[in-house]
Amino acid sequence: MALLTEKNTAYSNEISALVVSKLAGISGISTKKMFGGSGLMYEDKMFGLVDSKGNCFIKTNQVTEAEMIKLGGERHSRMPYLSCSENTISHSNRFIIFVKQAIALSK
């Protein structure tokens, strides 16, 4: 099994900051450097990640997965997360709903 050796990139860090800013209305959100990118955390529990290429992924269930796929989301190759399309992230209300569901799944 290959180890992930990519380092955090400036772009990945920029996307992590953008995601956190979109989630400013939810207290307890933070990031943690990992996997060559950043883990998206809620009260120290990981609900998503931004990979080293700047792609944002969050945990899903059957309902949110189907909705996110319709919006262009794709499954992460190594973890049980689905990508958030640029369209999803740019629509803050929709993104916040998906993230709240991802947080509930991570508890």
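Since it is predicted, local features need pLDDT of at least 70 and side-chain atom pairs count only at pLDDT 80 or more, while totals for chains, interfaces and linings use all residues. Numbering starts from 1 along each chain as its sequence is written, and side-chain values use heavy atoms, with hydrogens and water left out.

User: How many helices and strands does the protein have?
Analyst: Helices (H or I, at least four residues) and strands (E, at least two) are DSSP runs, numbered from the N terminus. On that basis the protein comes to 4 helices and 5 strands.

User: What is the radius of gyration of the protein?
Analyst: It's taken over C-alpha atoms, and the globule rule is 2.2 Å times the number of residues to the power 0.38. That rule gives 13 Å for 107 residues, and the model's value is close to it, so the protein is as compact as a globular protein of that length. The radius of gyration is 13 Å.

User: Which element gives the most to the lining of the second largest pocket?
Analyst: On a 1 Å grid over the protein atoms alone, a pocket is an open set of points where a 1.4 Å probe fits, with protein on both sides within 12 Å along at least five of seven lines; lining residues have an atom within 4 Å of a point. Among the lining residues are Tyr 11, Ile 15, Cys 56, Ser 83 and Glu 86. Helix 1 and helix 3 (86-90) are the elements that give two or more residues. The most, 4 residues, comes from helix 1.

User: Is Thr 60 buried or exposed?
Analyst: Thr 60 is in the loop between strand 4 (56-59) and helix 2 (62-70). Leaving aside neighbours within four places in sequence, Thr 60 is in contact (heavy atoms within 4.5 Å) with Glu 65, Met 68, Arg 75, Leu 82 and Leu 105. With a relative accessible area of 15%, Thr 60 is buried.

User: How far apart in space are Thr 31 and Glu 86, C-alpha to C-alpha?
Analyst: Thr 31 is in strand 1 (residues 29-34), and its relative accessible area of 39% makes it partly exposed. Thr 31 and Glu 86 are 55 residues apart in sequence. In space, C-alpha to C-alpha, they are 19 Å apart.

User: What is the phi of Asp 44?
Analyst: Asp 44 is in the loop between strand 2 and strand 3, and is exposed, with a relative accessible area of 70%. Although Asp 44 is not a glycine, its phi is positive, at about 70 degrees.

Methods
Buried < 20%, exposed > 50% of the residue type's maximum accessible area, 1.4 Å probe, protein only.
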